[in-house]
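Here are my comments on the model you sent. They go point by point, with the places to look up in the viewer.

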Amino acid sequence: MLIDSHCHLDYLMKDEAVDPIVARAHQAGVSGMVTISTKLSTFPKVRALADGCRGIWCTVGVHPHNADEEGQESPAQLLELAKDERVIGIGETGLDYYYDNAPREDQQRSFRSHIEAARESGLPLIVHTRDADDDTVAILRDSYQDGAFPGLIHCFTASRALAEAVLELGFYLSVSGIITFKKADDIRETLRYAPLNRLLVETDSPFLAPVPLRGKTNEPAYVCHTAKALADLKGISLEAVETATTENFFRLFSKASFDEIRGHRQ
């Protein structure tokens, strides 16, 4: 079985109800998924999706694109919402200097608040980083001086140097459909080096549909293509990737219960 560790079901529901999306995922062998929060103002909708189906969990957080409007000055509100039984992670948060949709100072301040929430709650931090490797590593390392916290780099597209730095901190890397893209040789090379026991798979749907489905709306069912590409890259079986990434998921997202997906095995 597979777990889609990062998707946006609330975005997908603009075009379709959630039930058929989940049904197609189960048919493809995807037994669980995490629907990711990008704004606290839309968290109730994300939370409702996680409440509606076993094997769907959610996170709470503010995307760096939204850090000017909803960036967190302290971890207080994140910690309060994270008490919910369906919330298993903090984020997504981080830094995005490619688009710079929010001032960098706001992104950094909110990022640090999310880190504090992850440390205090024990829930993993879901980090988005784009064109911001140096500051991402610097903030994570600086924050670690106040105490360790679990986390992952979602949709890994960064440098090998960043991968080495966060792996040293105990983080995981989440592999998206980008691994199948023609021009992603550098990313593939880094993931070839990364230890299998630190890798998860995701769709980031509705974005980044993998080959052979590029150009289509991505959805959790398509994570199987990413898993197959990772298996080919590592020179191992698809079953080995399924087993490893599922075990890694439940090790990192320890608040999630494996019992919820037992009946979804295909």
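**Notes on the predicted model**

1. Start with the loop between β8 (199–201) and α10 (223–234), the place of N218. The model is predicted. Is N218 buried or exposed? N218 is buried, because its relative accessible area is 0% and the cut-off for buried is under 20%.

2. The side chain of N218 has backbone partners. It reaches the backbone oxygen of T203 at 3.0 Å. A polar atom of the N218 side chain also lies 3.2 Å from the backbone oxygen of L208.

3. Which residues surround N218, leaving aside its neighbours within four places in sequence? N218 is in contact with L12, T203, S205, P206, F207, L208, A209 and P210.

4. Phi of L208 is near 60°, a positive value in a residue other than glycine.

5. The peptide bond from V211 to P212 is cis, with omega near 15°. Please check this bond in the viewer.

6. Now the largest pocket. Its volume is about 660 Å³. Two elements give two or more residues to its lining: β4 (87–96) and β5 (125–130). The largest share comes from β5, with 3 residues.

7. Which residues lie nearest the centre of the largest pocket? They are D96, H128, R130, D204 and L208, out of 26 lining residues.

8. E92 lies in β4. The peptide bond from G91 to E92 is cis, with omega near 20°.

9. D100 is found in the loop between β4 and α6 (104–121). Phi of D100 is near 50°, a positive value in a residue other than glycine. Why is D100 classed as partly exposed? Its relative accessible area is 35%, so D100 falls between the limits of 20% and 50%.

10. S159 is found in the loop between β6 (151–153) and α8 (160–168). A polar atom of the S159 side chain lies 3.1 Å from the backbone nitrogen of L162. S159 counts as partly exposed, because its relative accessibility is 29%. S159 and L208 are 49 residues apart in sequence. In space they are 19 Å apart, C-alpha to C-alpha.

11. Last, helix α11 (residues 238–252). Its length agrees with expectation: at 1.5 Å a residue, the 15 residues should span 21 Å, and the end C-alpha atoms are 21 Å apart. The buried residues of α11 are V241, E242, A244, T245, T246, N248, F249, F250 and L252. An α-helix has 3.6 residues a turn, so residues three or four places apart point the same way. Please view the buried set of α11, including V241, A244 and N248, with that in mind.

How values were computed: Residues numbered from 1 in each chain as written. Predicted model: local features only at pLDDT ≥ 70, side-chain atom pairs only at ≥ 80, totals over all residues. Heavy atoms only, no water. Helix = DSSP H or I, 4+ residues; strand = E, 2+ residues; numbered from the N terminus. Expected span 1.5 Å × (residues − 1). Buried < 20%, exposed > 50% of the residue type's maximum accessible area, 1.4 Å probe, protein only. Polar contact = N/O pair within 3.5 Å; in protein donor to acceptor, adjacent residues only side chain to side chain. Contact = heavy atoms within 4.5 Å. 1 Å grid on protein atoms, 1.4 Å probe; cavity = no way out; pocket = protein on both sides within 12 Å on 5 of 7 lines; lining within 4 Å. Points joined across faces, edges and corners; volume = space filled by probe spheres on them.
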